[in-house]
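These are my notebook entries on one structure, set down in the order in which I looked things up. The sequence and the coordinates come first.

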Amino acid sequence: MLITERHQIILNLLKEKKNVKLQELVDLTNTSESTLRRDLDQLEKQNYLKRVHGGASLIQSKREEPSVNEKTTKNFDEKGIIAKYAANLIQDGDCIYLDAGTTTYQVITYLNQKDIVVVTNGVDHLEALLEKDIVTYFIGGYVKKVTKATIGRDAYTSIKNYRFDKCFMGTNAVHHDLGLTTPDPEEAQIKERAISLSREAFILADSSKFGEVSFSKFAELDEVKIITNSEPATQLNKYEENTEIILVN
């Protein structure tokens, strides 16, 4: 079988199933595992797919954006591990920015007896922060239904008034060459500004975010530190060349 034929079979199966196991491809193409691994590596370099443990998965659409409800249940335990570690980095007296998102929301769960100030654009964060008696500032603006985040000109103008010891950001995608990206340019603008106003910036990203690329870039890897719970299927050193990876379990 020609290489181009194998590549087309792999891509067609990925479009159908979104995730494929290496053994499935072995059975389907009657090709050795070592050859198929080379095929997957080549297709990953061409940004057609990303390698995962035991196979490959389809890269998400550049504009695809899951709703808060969809993201809440996805990788819930992984996000909790990351959030707990992030919360322990916050010290009494800190002024922090807490980005909208499901992983950042879980950080609030672990903010026990913290004498801090929080600025956020996450609508869902407000009640949880107030229940913890945490001093909270909310940046106004247009409320985006899908992510429950405030964005737009008013949000951008509001956030410029603050300075942060630390910010904790969510992301849709982490790529070793193309940086940190998210589907919405307006949401990317708020993230970019929050990072620029922070002494330290942390990205909270479970392993599914690695190797992905979304539509709007908001940061280079060297501007942030990344907290994640497991090593991505692609080589970790690709990321560690440009940023600090904090691996928690």
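**Cysteines.** I began with Cys95, which is partly exposed at a relative accessible area of 29%. I use buried for under 20% relative accessible area, exposed for over 50%, and partly exposed for in between, with a 1.4 Å probe and protein chains only. Cys167 has a relative accessible area of 0% and is therefore buried. I then looked for disulfides, a disulfide being a pair of cysteine sulfur atoms within 2.5 Å. The count by this rule is zero. Cys95 is in no disulfide, and its nearest cysteine sulfur, that of Cys167, is 13 Å away. Cys167 is likewise in no disulfide, the nearest cysteine sulfur being that of Cys95 at 13 Å.

**Basis of the entries.** I note that the model is predicted, that local features need pLDDT of at least 70, that side-chain atom pairs count only at pLDDT 80 or more, and that totals for chains, interfaces and linings use all residues. Residues are numbered from 1 along each chain as its sequence is written, and side-chain values use heavy atoms, with hydrogens and water left out.

**Helices H1 and H3.** Helices (H or I, at least four residues) and strands (E, at least two) are DSSP runs, numbered from the N terminus. Two packed helices are described by the angle between their axes and the distance between the axes. For helix H1 (residues 3-17) and helix H3 (residues 33-45) I recorded an angle of about 75° and axes 11 Å apart. H1 is therefore roughly perpendicular to H3. The axes are lines fitted to C-alpha atoms, for helices over the stretch in contact, and angles run from 0 to 180 degrees between N-to-C directions. Angles under 35 degrees count as roughly parallel, over 145 as roughly antiparallel, 65 to 115 as roughly perpendicular, and the rest as oblique.

Which residues meet between H1 and H3? From H1 I listed Ile3, Arg6, His7, Ile10 and Leu11, and from H3 Thr35, Leu36, Asp39, Leu40, Gln42 and Leu43. Contact here means heavy atoms within 4.5 Å. By class, the contact of H1 with H3 has six nonpolar, three polar and two charged residues. Ala, Val, Leu, Ile, Met, Phe, Trp, Tyr, Cys and Pro count as nonpolar, Asp, Glu, Lys and Arg as charged, and the others, Gly among them, as polar.

**Asn121.** I located Asn121 in the loop between strand E5 (117-120) and helix H7 (125-131). Its relative accessible area is 1%, so Asn121 is buried. The side chains of Asn121 and Tyr97 make a polar contact at 3.0 Å. A polar contact is a pair of N or O atoms within 3.5 Å; within protein, one must be able to donate a hydrogen and the other to accept it, and residues adjacent in sequence count only if both atoms are side-chain atoms. Leaving aside residues up to four places away in sequence, Asn121 touches several residues, among them Tyr97, Phe138, Lys148 and Ile190.

**Asp184.** Asp184 sits in the loop between strand E11 (179-182) and helix H9 (185-196). I have Asp184 as buried, at a relative accessible area of 13%. Its side chain makes a polar contact of 3.0 Å with the side chain of Lys144, and the side chain of Asp184 also reaches the backbone nitrogen of Glu186 at 2.8 Å.

**Asp206.** This residue lies in the loop between strand E12 (198-204) and strand E13 (216-219). Is Asp206 buried or exposed? Asp206 counts as buried, with 1% relative accessibility. I found a polar contact between the side chains of Asp206 and Ser208 at 2.4 Å.

Most residues other than glycine have a negative phi. I therefore noted Asn30, with a positive phi near 55°, in a residue that at 73% relative accessibility counts as exposed. Asn30 belongs to the loop between helix H2 (22-29) and H3. Asp133 also has a positive phi, near 60°, and lies in the loop between H7 and strand E6 (135-138). Asp133 is exposed, with a relative accessible area of 70%.

**Leu247.** My last entry concerns Leu247, found in strand E15 (residues 244-247). Leu247 is partly exposed, at a relative accessible area of 44%. Leu247 and Ser230 are 17 residues apart in sequence, and their C-alpha atoms are 6.3 Å apart in space.
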